[in-house]
Amino acid sequence: MELTTVWFLLIAVLWAGYLVLEGFDFGVGMLVPIIGRDETERRVVINTIGPVWDGNEVWLLTAGGATFAAFPEWYATLFSGFYLPLLLILLALIVRAVAFEYRGKINSPVWRARWDVGIGFGSWLPSILWGVAFANIMRGVAINADAQYTGGFWALLNPYALLGGLTTLLLFLTHGAVFLALKTDGTVRARAGALAAKLSIATLVVAGGFTVWTQLAYSVTWTWAAVAVAALALVGVVVTTAHRREGWAFVLSALAILAAVVLIFGSLYPDVMPSTTDPAYSLTVTNASSTHYTLTVMTWVAAVLTPVVVAYQAWTYWVFRKRISTAQIPAHTGLTFERSSERA
Amino acid sequence: MDALELARWQFGITTVYHFILVPLTIGLTPLVAIMQTVWYRTGNETWLRLTKFFGKLLLINFALGVATGIVQEFQFGMNWSEYSRFVGDVFGAPLAMEALAAFFIESTFLGLWIFGWERLPKKVHLATIWLVAFGVNLSAYFILAANSWMQHPVGTTYNAQTGRAEMTDIGAVLSNPTLLSAFPHTIATSFLVAGTFVAGIAGWWMVRVVRAKNETLARTLYRPAVLFGVVVMLVAGIGVALSGDSQAKLMFRQQPMKMAAAEALCVSADGASFSILAIGDLENDCAGVRHVISVPGLTSFLADGSFSSHIDGVNDIQQRYAQRYGEGVGYSPNLAVTYWSFRLMIGLGLGSAALALLALWLTRKGRVTGNRWFARLALLAIPTPFLAASFGWVFTEMGRQPWVVAPNPTGIDEIRLLTVRGVSTAVGAGEVLTSMIAFTLLYAALGVVWYRLIVRYAREGAPELTETPPTDDDESEPLSFAY
């Protein structure tokens, strides 16, 4: 296999890792106020992803870095072209990261409520925007002969891309609800399970529509297989969540996201960013790639390190495998704004 | 302002901000790991309390450092797409390696450390903080490899057909002499920052508890922390000076224009003086520079160890570059910025060394001090190495201008790029302005929160150990609830 194709696949793997993992922690972030009716429940919800969300996010940084290293033209055109959506995603991710870490630092309901807004903003916005971004990439955007995006911001908000945004939003919400049902106990578990059962139906309808649209308009024959897997997996999520088979539901919602990534990258190849201005201007795995030497070096690095990363991240999930319930949540450890007494 | 200027301001703002947080993370993580190790090995609970105390401060800092780091990875493509196209074949590799090798380690094992206190066996839990410490330092290595390549491109050839830089030797990129001197300098600086942070906060607390007539606590809890911080500061300070010296010598050869500008040395000289104070005019060019106080021969000595050696001045280098790289470009960086940031870096770095010596004197032979002035000085010292580090980066990045990729004097001339050629062409000034305002406002707000939290947690002091000590029992709590 050509190294350019290997790297196209590797970048697909990195995005798959990112969307499957951060997908549920985006979902959990969005569901904080919906599933968590009181402070203790909200802490149950947030602590399910506490030890892992940051590691999940590194899949995005790695996908970005790998795209820079393996396909510099793709990186340059995409990031400068999708400027404002990426800016919004960055702002959201910054606020979200800080919100998780600072929320419990001060023991005050007002303080926590503010950071909860940050967690919500930081989870809803990227959940929509990643779908919008990938839909536009598949659909093709205005790219000129100099590999520059010329379409402007509003062109990115076309109906197909917005449906893509709604699709990732619902996928992540369902994935997050399923994850919560799997990782918690008691009322939170029951509520998350019930919500997952409802959400999964909406997700099946919207995601089904989006994938078929993609398949008919922008894809190649073999990706019908990915559409079929995604559809079956989502049907499976509907069935398993209805019967509260939480483990299977999680596996199937992860599978649905994986199938979506296969559809995205399968429909793109050998393009990485098709041009609607002229197909000759499309960025492809060959014309956007780094040299053979750089790809060889990076292949070795990825081949050695990726299995190690997967192993220790998997171990983290094993360490924190237990369900969490409200009974286990201890008193707040955050300080009060003002010192109650001068110790020492 | 046009998109170029705005993009430069945005890079400057976001990067300087990020690098206020990063050196503390790089330096403090290993220090907390050492504290936890001492507790693990000796069972002395002083060190567990200090681990928890400084660990909390570390986490407040870590969070904002991670969050603002995301921008750094994306900004090259967003604002500097033409730079990215030119260098991507070489520059992307260390960035991808940083994410794959370092970011995953630090984020995954930090999560394990935070949430694993009662969950993991003690030894494994200790290993997680050491892995985080390894990760953050490894991350510094890769990002400095990328930066060093911009200062001094090696291991690269030029493809005339595509007009791009192409990597030929990853080994050369990862063992760039510029990197091998910048890395120890940055790491030593980070330890200086963290050592000052520990000594400063513990010093303030020592005075406070002595004045509250609790000399025992001062002696058993805070004095050891002060001494620990001070020892780190002294060792790191020596490291900063030595690595800085070797870096300067290297820079005289690799980027003579940057060093000439740092000295405001306009006219070439044998036995060049080191300028202590120079003033320029509003034009900020060579014609207006007047040296008020100088030490004869010192610049030559710093450059290569001889007081009489020849140093090229800005004017001669400008002429040489015009011949070699093309007429019509001013090849010298902003003189005032380069000159003053270089001096502020050195001056502020020396400032924290003064505190270390004073603290050593006041705590000699088992003493503790209740001196109010020392408490104030201890707090005042904390920001100095942060500022020195910031000025160091302002110096080395502004001193590289007008280049984004500075040409290697002994390398391939085509591997060079003017900053003006690196900016994104598809992005308008309005978009850059929007993002610059958004980042600046958000960073400012988060900076206030960060500062207040650090102060609040520092003023709380080392926590009492009320909770049950961590057990090795696998059937205990699902995790240590940190959120």
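Modeller: Chain B is divided into domain 1 (3-254 + 334-460) and domain 2 (256-332). The bounds come from an automatic or database domain assignment. This is a predicted model: local features need pLDDT of at least 70, side-chain atom pairs count only at pLDDT 80 or more, and totals for chains, interfaces and linings use all residues. Residues are numbered from 1 along each chain as its sequence is written, while chains are lettered from A and ligands numbered from 1 in the order in which they are written.

Start with the two domains. Their centres in chain B, taken over C-alpha atoms, are separated by 29 Å. In the contact between them, domain 1 of chain B brings 18 residues and domain 2 of chain B brings 20. Two residues are in contact if their C-beta atoms, placed from the backbone, lie within 7 Å. On the domain 1 side, helix 7 (215-254) and helix 11 (335-362) of chain B each supply at least two residues. Helix 11 of chain B gives the most, with five residues. By class, that side of domain 1 has 11 nonpolar, three polar and four charged residues. Here Ala, Val, Leu, Ile, Met, Phe, Trp, Tyr, Cys and Pro count as nonpolar, Asp, Glu, Lys and Arg as charged, and the others, Gly among them, as polar.

Now chain B as a whole. Chain B has 15 helices and eight strands. Helices (H or I, at least four residues) and strands (E, at least two) are DSSP runs, numbered from the N terminus. The radius of gyration of chain B is 24 Å, close to the 23 Å that the globule rule gives for 483 residues, so chain B is as compact as a globular protein of that length. That radius is taken over C-alpha atoms, and the rule is 2.2 Å times the number of residues to the power 0.38. Along the principal axes, the C-alpha trace of chain B spans about 70 × 50 × 40 Å. Of its 483 residues, 57% count as buried. A residue is buried if 20 or more other C-beta atoms lie within 10 Å of its own, exposed if 12 or fewer, and partly exposed in between, with C-beta atoms placed from the backbone. Among contacts in chain B between residues at least 6 apart in sequence, 77% join residues at least 24 apart.

How confident is the predictor? The mean pLDDT of chain B is 92, and 98% of its residues reach 70 or more. pLDDT is the predictor's confidence in each residue, from 0 to 100. Where pLDDT is low, the predicted coordinates should not be read in detail. For the complex, the predictor gives an ipTM of 0.94 and a pTM of 0.94.

Next, the partner. The contact between the chains takes 70 residues from chain B and 68 from chain A. On the chain A side, helix 2 (39-49), helix 3 (53-70), helix 4 (72-81), helix 5 (83-102) and helix 11 (292-319) of chain A each give two or more residues. Helix 5 of chain A has the largest share, 13 residues. By class, this side of chain A holds 41 nonpolar, 17 polar and 10 charged residues.

Chain A itself comes to 11 helices and two strands. Buried residues make up 60% of its 344 residues. Its C-alpha atoms fill a box of roughly 70 × 50 × 40 Å along the principal axes.
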